[in-house]
Amino acid sequence: MKEINELNLPEDVKYTDDHEWVKMDGDIVTIGITDYAQDQLGEIVFVELPEVEDSFGQGDEFGTVESVKAVSEMYMPLAGEVVEVNAALEDAPELVNTSCYDQGWIMKIKPQNPSDVEALLDKAAYLDTLRG
Amino acid sequence: MTTPTATTGLIFNEPLLWEKSRDGRCGLSIPTSDVPSSPLDATLTTGGPNLPQLSEVDVTRHYTRLSQWNFGVDSGMYPLGSCTMKYNPKTNEVQAARPGFTTAHPMAAEQLTQGAMELMYNLEQDLGEITGMDAVTLQPAAGAHGELTGMLVIHAFHAKNGKQRSKIIIPDTAHGTNPASASLCGYESINIKSGENGILTPEAVAAVMDEDTAGIMITNPNTLGLFEENIQEIADIVHAKGGLVYGDGANMNAIMGIVQPGKIGIDVIHLNLHKTFSTPHGGGGPGSGPIGVVSKLAPFLPSPRISKTDKGYSWQFDCPDTIGRMLTFHGHFGILVRAYAYIRTMGKGLKLASQLAVLNANYIKAELRDTLALAYDRPCMHECVFSDKNQQPYHVTTLDMAKRLMDYGFHPPTVYFPLVVQGAIMIEPTETESKETIDEFIQAFKDIAKEAEETPELLQTAPNLPKVKRMDEVAAARKPCLCG
């Protein structure tokens with residue numbers, strides 16, 4: 001497993017305590033899991049995605065990632081409606097391991113309050129939570 | 001360690017039965033037909049099932065060879081945490097094989113099955129005494145099925161009282177099947193975290209318990225192998241708001257004859273006869289998960305109920321509040337016979353079994369605490385939980401150590417569970433093992449920890465001795481091959 005200083009944590013995304021990342025692009029937010037999360041889970045064998053048009057509140061469980069070790073829930077970083085899911089993960093869940101911020105994104109949502117993104121963690125604050 | 005018990009011997013490869021099949025080969029002589037043949041309408045016939053054609057010796061060798069690839073509790077120590085892989089005394093098998101039991105038919109008239117019914121009645125009484133519960137059903141087929149039965153009883157109780165509830169409290173140290181059982185009853189799981197010392201606090205329960213909450217599902221001892229010391233207070237909080245306490249009794253092996261769950265505020269409990277009461281398990285069953293309940297819940301138990309009168313034993317179908325049948329006929333009867341044989345042969349020794357199970361786990365915890373990182377530094381019950389934290393600098397994981405243990409002749413412990421401990425290694429020796437065997441196990445783990453520092457690649461490629469080496473679990477999960 002990676003040491004904390006080996007983690008890939010881009011500056012241009014926001015983070016949550018539950019190890020999701022979000023990236024704002026116009027009025028659409030892309031959501032995935034962080035390098036730390038994919039590294040801790042190990043090789044991912046299945047991603048359970050929500051349906052397009054599903055709506056969730058902040059903190060709601062929206063899907064699961066299954067590795068050979070365990071099944072883990074993913075939680076909504078902010079409230080919103082699903083507009084697109086990464087269908088490529090159905091056949092290639094390993095994309096979450098190999099490219100968690102790019103090809104391994106999980107879903108895109110239209111947030112209820114786009115300004116909620118501001119309250120999420122930046123890289124420095126997320127690193128602090130990892131160092132505990 | 002002196003001489004490792006595990007070595008490689010002569011191991012046979014063995015093809016699938018279909019590959020050994022030869023047209024016309026047969027294991028018995030089928031009598032020649034002495035009646036004229038009468039062709040069936042073509043729409044009623046098919047090509048027949050695709051069964052392999054084999055002689056008796058083909059089949060015997062096939063399964064004997066496969067069995068030699070196996071590791072079971074009859075071959076060595078099997079410390080799989082939370083599974084209670086204790087030795088299954090052979091007298092249980094002798095009793096279960098008696099023709100009176102093996103030939104009993106569940107639809108035979110009551111007067112022809114009095115012996116089987118007496119056994120079931122007595123087993124219900126014994127399990128009631130062990131758990132401190134007022135009534136017991138033997139129907140559930142396994143632990144999770146017992147949970148579902150218990151939750152259906154709780155659901156029926158609230159319905160009968162005129163107001164159904166929508167939620168159930170489940171701590172993070174409960175068994176993973178608990179939320180599934182609750183969901184099947186339509187309850188939403190409210191998850192709460194255990195306190196810093198690995199057990200549940202009354203405050204955490206009080207914060208979420210309300211009059212829309214059906215109750216709590218609590219595993220005691222919990223999956224960290226710790227006794228939930230606040231159980232009485234937690235039960236009082238739940239009861240004060242009209243809720244019920246479900247006790248997951250999968251870990252009953254720690255407290256038989258010491259704690260009666262019915263006396264510490266638990267309203268429903270399931271038992272795993274295939275764990276605590278020494279009936280064989282692994283490989284998918286059959287199991288048996290009876291539940292015991294307090295008297296106010298007895299009317300909701302599955303029907304038919306068995307009763308004893310001065311004329312003998314009979315089935316009671318007149319149970320207006322019952323949740324109905326949970327299984328065809330009367331549960332896994334052969335397993336019930338084994339459990340009853342165990343209880344009757346052990347008698348008061350059941351308490352000693354629990355004491356030794358707890359002693360053995362604490363001995364392992366004490367002896368390995370400088371080798372493996374201890375998850376919670378406090379006395380444990382029947383199982384102890386470590387992690388791979390000390391081995392991380394060498395890039396050796398829990399999985400690597402578990403695999404390497406096979407090369408030392410032991411079944412690996414439970415790994416990566418409970419989820420609240422990262423890289424968990426959960427060891428449950430049970431009362432079965434002698435001090436000599438446990439010492440060998442401890443020494444094996446110490447040797448493996450040394451290897452982790454000096455020759456980590458030895459662990460990363462383990463196991464080396466078993467017929468089947470490191471499995472590609474990722475490929476198995478991503479590209480499963482489900483054909484024969």
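This is a predicted model: local features need pLDDT of at least 70, side-chain atom pairs count only at pLDDT 80 or more; totals for chains, interfaces and linings use all residues.
Visitor: Where does B:Gln139 lie in chain B?
Guide: B:Gln139 lies in a loop. Strand 1 (135–137) and helix 6 (143–160) of chain B are on either side of that loop.

Visitor: Is B:Gln139 buried or exposed?
Guide: B:Gln139 is buried, because 24 C-beta neighbours sit inside 10 Å. The cut-off for buried is 20 or more.

Visitor: Which residues is B:Gln139 in contact with, leaving aside neighbours within four places in sequence?
Guide: B:Pro302, B:Met326, B:Leu327 and B:Gly331.

Visitor: What about B:Ile190? How far apart are B:Gln139 and B:Ile190 in space?
Guide: C-alpha to C-alpha, they are 28 Å apart. In sequence, 51 residues separate B:Gln139 and B:Ile190.

Visitor: New topic. Which domains does the assignment give for chain B?
Guide: Domain 1 covers 92–346, and domain 2 covers 355–466. Their centres, taken over C-alpha atoms, are 31 Å apart.

Visitor: How many residues does the contact take from each domain of chain B?
Guide: Domain 1 of chain B gives 14 residues, and domain 2 of chain B gives 15 residues.

Visitor: What classes are on the domain 1 side?
Guide: On the side touching domain 2 of chain B, domain 1 has 5 nonpolar, 8 polar and 1 charged residues.

Visitor: And between the chains? How many residues does the contact take from chain A and from chain B?
Guide: Chain A gives 7 residues, and chain B gives 7 residues.

Visitor: What classes does the chain A side have?
Guide: Where chain A touches chain B, its side has 5 nonpolar and 2 charged residues, with no polar residues.

Methods: Residues are numbered from 1 along each chain as its sequence is written. Chains are lettered from A and ligands numbered from 1 in the order in which they are written. Helices (H or I, at least four residues) and strands (E, at least two) are DSSP runs, numbered from the N terminus. A residue is buried if 20 or more other C-beta atoms lie within 10 Å of its own, exposed if 12 or fewer, and partly exposed in between; C-beta atoms are placed from the backbone. Two residues are in contact if their C-beta atoms, placed from the backbone, lie within 7 Å. Ala, Val, Leu, Ile, Met, Phe, Trp, Tyr, Cys and Pro count as nonpolar, Asp, Glu, Lys and Arg as charged, and the others, Gly among them, as polar. Domain bounds come from an automatic or database domain assignment.
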